[in-house]
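The stops below go from sheet to helix and back.

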Amino acid sequence: MALDASLASWISLSQTPGLGNEGLRRLLQAFGSPDAVLHASVASLSMHVKPAVAQAVAAGIDKSAFSSVAAWLEDPLNRILTIADAEFPQFLLNTTDPPLLLYVKGRLDLLNAQSLAVVGSRSASAQGLRNAEAFAKSISDAGLCIVSGMAHGIDTAAHLGGLQGASSSVAVVGTGLDKVYPAANRELAHRLAQEGAIISEFPLGTPPLAANFPRRNRIISGLSQGCLVVEASVQSGSLITARMALEQGREVFAIPGSIHSPQSKGCHALIKQGAKLVENARDVLDELGYKSTAKTEGIAPEHPLFVHLGFDPLAAETLAQRSGLTIGELSAILLQLELDGHIASLPGGLYQRIT
């Protein structure tokens, strides 16, 4: 399979050493198209970029890159979108530094879907993981695709919740799409490729370089209407995503936690700075103008457990005895009901219905 000449020009410029998005934008504004840029003289190019970069543009890239891309595109799941393509994510066009080229594996339609970024710590607590998955599922069921970065911890849980819901999930990664990082997420990557999507602005073969991950965060936030931070330390990269979301005019949400937990301090800092404190999926959906119904909340208000749990506080142990559920089964149900805003947990292991 031979590459389309126009796409080959985009790839050549996107991989030119030293050029970068800003330099490429200047050249496109000056010459009109990638093909025209590649046919321009070094002297003309040097009027817009440094002479060494102009020389690199004129020299072109190793043509072996084209054959590897052509082979990758033979998989029907794989596509490359340029900023000139109609399918390019429109939300990204409204950001100050959109990628000019995106490698995509999976469903193109999700790139223009209404979405929410869900991010957080790689070293998440068990409760944080449960929160991320439950929030993501409820929000996905309500009609918002879940966008995250496929890292360990909160990102992984968010993708799993999004895939369980009706609106799926998109991963934005910091490597080439011919690589899976972290390797432990290979099965998740396969599911995302089949049921959701994985995208990257980095060329095939790009390894997991540390500098790439903060850069990919602007795409995570840029694709989304808002950004939910589930757990984060004060040094977490998730706070970079949240800051970029604010700069892009997106809503930022944070889940509070214990004042003693290092994994809650980043969320608390965001709340102090004006992020919206959320306690359940309904808080996010209402803020974004989505109606939360019993169906999208995950567990309906008529759940059988409400036969035993009323508006007076009740201990979990008593509730387990009355319902015949094990503590494990009961805990999962109580968590979902609490996240969906139907019950409240009180000090001393007590629960109370609030809807």
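Angles between axes here run from 0 to 180 degrees between N-to-C directions, and the axes are lines fitted to C-alpha atoms, for helices over the stretch in contact. The model is predicted.

**Stop 1: the sheet of 9 strands**

Begin with the open sheet of 9 strands, whose pairing is mixed. Its order is β1-β2-β6-β5-β4-β3-β7-β8-β9. Select 78-82 for β1 and 276-277 for β9 to see the edge strands, each of which pairs on one side only.

Which residue of β9 is the bridge partner of Ala-254? It is Leu-277.

**Stop 2**

Now select 169-172, strand β5. Are its residues buried or exposed? Both faces are covered: Ser-169 and Ala-171 are buried on one side, and Val-170 and Val-172 are buried on the other.

Then show helix α9, residues 154-164, which makes a right-handed β-α-β unit with β4 and β5.

Next select 197-200, strand β6. The pairing of β5 with β6 is parallel too, over 3 bridges, and Val-170 has Ala-197 in β6 as its bridge partner. Another right-handed β-α-β unit is made by β5, α10 and β6.

**Stop 3: helices across the sheet**

Select 186-195 to highlight α10 itself, which lies across β2 (101-106), β5 and β6. Its direction is at about 100° to β6.

Then select 238-247, helix α12, which lies across β3 (115-119), β7 (226-229) and β8. Relative to β7, α12 runs at about 155°.

**Stop 4: helix α2**

Select residues 20-31. This is α2, with 12 residues and a reach of 16 Å from its first C-alpha to its last, close to the 16 Å expected at 1.5 Å a residue. Show side chains for Asn-21, Gly-23, Leu-24, Leu-27 and Leu-28, the buried residues of α2. Why do they lie on the same side of α2? They cover an arc of only 165° around the axis, so they share one side of the helix. In general, an α-helix has 3.6 residues a turn, so residues three or four places apart point the same way.

Turn the view to the face away from the buried side, where Glu-22 and Gln-29 are exposed. Going back to the buried residues, show what they pack against: α1 (5-14), α3 (34-38), α4 (42-45), α5 (51-59) and α11 (212-222). Just after α2, select Gly-32, which takes a positive phi of about 95°.

**Stop 5: the sheet of 3 strands**

Finish at the open sheet of 3 strands, ordered β10-β12-β11 with antiparallel pairing. The edge strands are β10 (314-315) and β11 (343-346), each pairing on one side only. Select 350-353 for β12, which is joined to β11 by 4 bridges and runs antiparallel to it. Within this pair, Gln-352 in β12 is the bridge partner of Ala-344.

Last, select 327-339, helix α16, which packs on this sheet and touches β11 and β12. The direction of α16 makes about 115° with that of β11.

Conventions: Residues numbered from 1 in each chain as written. Predicted model: local features only at pLDDT ≥ 70, side-chain atom pairs only at ≥ 80, totals over all residues. Heavy atoms only, no water. Pairing = 2+ DSSP bridges. Helix = DSSP H or I, 4+ residues; strand = E, 2+ residues; numbered from the N terminus. Contact = heavy atoms within 4.5 Å. Expected span 1.5 Å × (residues − 1). Buried < 20%, exposed > 50% of the residue type's maximum accessible area, 1.4 Å probe, protein only. Arc of directions from axis to C-beta. Right-handed = clockwise from strand over helix to strand, strands pointing away.
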